[in-house]
Amino acid sequence: MTSTRSASTSNSKGQSKGPHSGRLSDISRGKMSTDEKLDNIYVILSTLKEDIHSQMIILREDIKKENRELVERLESRVFDLEEQNDDLKQTVSKLEQHLGESEDRQCEQDNKLNDLEQHGRKNTIRIVGLEDSNKNETVEECVEKIVKFVYDKLNVTIVEADIDIAHRLGVYQRGKPRNIICKFTHRRRKFEIIKQRKLLKGTRCYIMEDLTRINQQRLKEAFELRCVERSWSTDGKLFVLLKNGRKRRILNTTRS
């Protein structure tokens, strides 16, 4: 029988032949009966089927191996990423804790500075609504107006020497009195005037303690609460009257 040709052999049209194409060609040219030809074709096809099956088994095993290797690499990568994620979580947790501690220290420092600033205003009041017709009002003239205003409206007698400094705030506008900052030489004078300020009720003038910006904001926010009837300050300390009749002090617990 003529030997089979190599699989790499090309036909006249340049197409490669399979490992069994030579045998099929021999069968077609040989002097065999039809049954013999069919038997030979059957053998060739059986062999071809076995070859294909073997190749499929090998291919399946190769694919399984590659999949296992890929899964192992992915599992290893996932494990590394999980470890990195755990490290990042710990780092973030430490940073958040450090940030929280820093914010607490900053809040505590801000409160101390605010208390110190408020203490520096312990002898100071603000007068709102006092007549302001002179754009170039001097400190001396301002002091004179305060002495007269306190005596006429509050029945409190003070002298110019009781006032350390007094001046207007802001830009002069006709018909809109500028506020006055008045600092007394003794806190006792301030308390006498604060005590009598209730006599100004119904007028366009009122007197308040000179609060820091932070304390002004805290007092404003407290007053806006639904449970609060009114809010005020005494000697730099902040208080509210609740609608249930209870009095509460506002502590320095909020961050500015």
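Student: Which residues touch the most other members of the largest nonpolar core?
Tutor: Of its 22 residues, Ile125, Ile127, Ile146, Phe149, Ile163, Ile193 and Ile207 do. Such a core is a set of buried Ala, Val, Leu, Ile, Met, Phe, Trp, Tyr and Cys residues joined through side-chain atoms within 4.5 Å, where buried means under 20% relative accessible area with a 1.4 Å probe, protein chains only. This is a predicted model, in which local features need pLDDT of at least 70, side-chain atom pairs count only at pLDDT 80 or more, and totals for chains, interfaces and linings use all residues. Residues are numbered from 1 along each chain as its sequence is written, and side-chain values use heavy atoms, without hydrogens and water.
Student: Which element gives the largest share of this core?
Tutor: Helix α3 does, with seven residues. Helices (H or I, at least four residues) and strands (E, at least two) are DSSP runs, numbered from the N terminus.
Student: And which residues belong to the other core?
Tutor: That core lies apart and has eight residues, including Leu211, Leu219, Ala222 and Leu238.
Student: New topic: at what angle do α2 and α5 pack?
Tutor: The angle is about 100°, and the axes are 9 Å apart. Axes are lines fitted to C-alpha atoms, for helices over the stretch in contact, and angles run from 0 to 180 degrees between N-to-C directions.
Student: Which residues make the contact?
Tutor: Asn111, Asn114 and Gln118 of α2 meet Ile214, Asn215 and Arg218 of α5, contact meaning heavy atoms within 4.5 Å.

Technical notes:
Buried < 20%, exposed > 50% of the residue type's maximum accessible area, 1.4 Å probe, protein only.
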